[in-house]
Amino acid sequence: MKTNWQFSPPVYAIEGEIVALETLLIAREQRFMQQKQLLAQYQQPVLSVTLLAAGAVKRNELLDKIFAICLKYLNACFVQQGWHICEQIIQSLPTGHQALFVLPVEALTLKRVMIEIEQSLPLARLWDLDVIDLNGQPISRQTLGFPVRTCLICNEEAKVCTRHRTHSITEIYAEMQNLLNQFELTQLLANQADEALRREIALTPKPGLVDRANNGSHHDMDFTTFEKSCSALLPFWQYFVQTGINGKQEDFAGLFRQLRSVGVQAEKAMFSATNGINTHKGAIFAFGLVLGAFGWLWGKHQVISVESLCDTVAHLTQGISRELQTTALAHPRTAGEQLFAQYGLTGARGEAESGFALVRHYALAISKQYANCDQEHQHYLILLNLMAHNNDTNVVHRGGLAGLQFVQQQAKQLLSNPCHRDKQWLKIQLDRFDQDCIKRHLSCGGSADLLALTIFFSFLLRG
């Protein structure tokens, strides 16, 4: 439980062939000619992609990696926007990496989307995403009301520092490696969060919950709905981590406001992907806090463990349940506010405020206690332990306190039976439990979110 998480990103070589200035100028002229030919042929704007490559070395292992990530993100962007590439020229030359894309989209729209990428992904600071309009002119950021790009090292205008050679090549490459480290960290954690959520939904059977076998007590969602939701949320897990890193100078209240803003955007993406169905609102809240706490601790070079993450979440959310006292009692709108007004239940807010006490006290010990059981079996037991002790507002919303009592009693009975160590016996009982919950229209969504969070924590504990 006290295992500290370690992250050792690869160090990419920066050595490479030195390129003469005359050769660079010739390569630049050839790129301009290619842009001109593409504009004439397709009468569509051209996206010109190059990298920040300070000094006389224009290709090395570090730049190769950065360019590969750039192409991956751009292609994902094109798919998301529904843009079909008319033509593309991708070259990795001694004079540097470059790519030209002809896209069937209005030039200002293309520039706006490229700026959004630059604003949302710190690594994109190393990418030059120039949009060339039909007149052969690059569109400036100022045209759309955005300020000029600042220096990689300081807050001065980038062109000024470049012209005066304010910073050494060593400084620049160190910051480039740092940005790549941040990216690889955020990507690793995002993938682990995504994997945790997908393992939770795939676990079958689960009482009253959507799984591979059925829709549980839900009539508006199925397994595919959750898959769509997971895909839509994947980039936001990176944003939560990055928000924590960027907010290392913030106090807890300031960082919480920033994370909540990202959470609102994530919810919009979820609802867009699911046609308005709430699949992961609770998970967005829990994972957003944990990932934000992770980034905050990493940015401050502090120890990262389950304990430090949960303690940080507790600090971030301190007093959040009081919001229910001021809003829910007067004008309850959401299900959570209504349940607080009626029963005094704090739900996901209270669990976060406690530093995920249920996960720490009941869920994480299962893997150690049942080390001889396979992973799926352990997940069944984790879910049952959570259901037995969680005052799940999802259950109360559907079945009142009687429904909650039923779920908790059934879970405790299964765990008290020595046969629960037999996986096949347990699956049969869970299937019966599932049918009972469906008849009562009960769904333990809060416990499912905590199961996914426990799975995520298990990834960290394994290193």
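Guide: Helix H7 (residues 252-274) packs against helix H8 (residues 281-299) at an angle of about 140°, with the axes 9 Å apart. The model is predicted, with local features needing pLDDT of at least 70 and side-chain atom pairs counting only at pLDDT 80 or more, while totals for chains, interfaces and linings use all residues. Residues are numbered from 1 along each chain as its sequence is written, and side-chain values use heavy atoms, without hydrogens and water.

Visitor: Why is H7 called oblique to H8?

Guide: Angles under 35 degrees count as roughly parallel, over 145 as roughly antiparallel, 65 to 115 as roughly perpendicular and the rest as oblique. The angle of about 140° therefore makes H7 oblique to H8. The crossing of the two helices is right-handed.

Visitor: Which residues of H7 and H8 meet?

Guide: With contact meaning heavy atoms within 4.5 Å, Phe 252, Leu 255 and Gly 263 are among the residues of H7 that meet H8, whose partners include Ile 284, Gly 288 and Trp 296. By class, this contact has 9 nonpolar, 3 polar and 2 charged residues.

Visitor: Which helix gives the most to the lining of the largest cavity?

Guide: H5 does, with 4 residues. The lining has 6 nonpolar, 5 polar and no charged residues.

Conventions
Axes are lines fitted to C-alpha atoms, for helices over the stretch in contact, and angles run from 0 to 180 degrees between N-to-C directions. A crossing is left-handed if the near helix is turned anticlockwise from the far one by less than a right angle, and right-handed if clockwise. Ala, Val, Leu, Ile, Met, Phe, Trp, Tyr, Cys and Pro count as nonpolar, Asp, Glu, Lys and Arg as charged, and the others, Gly among them, as polar.
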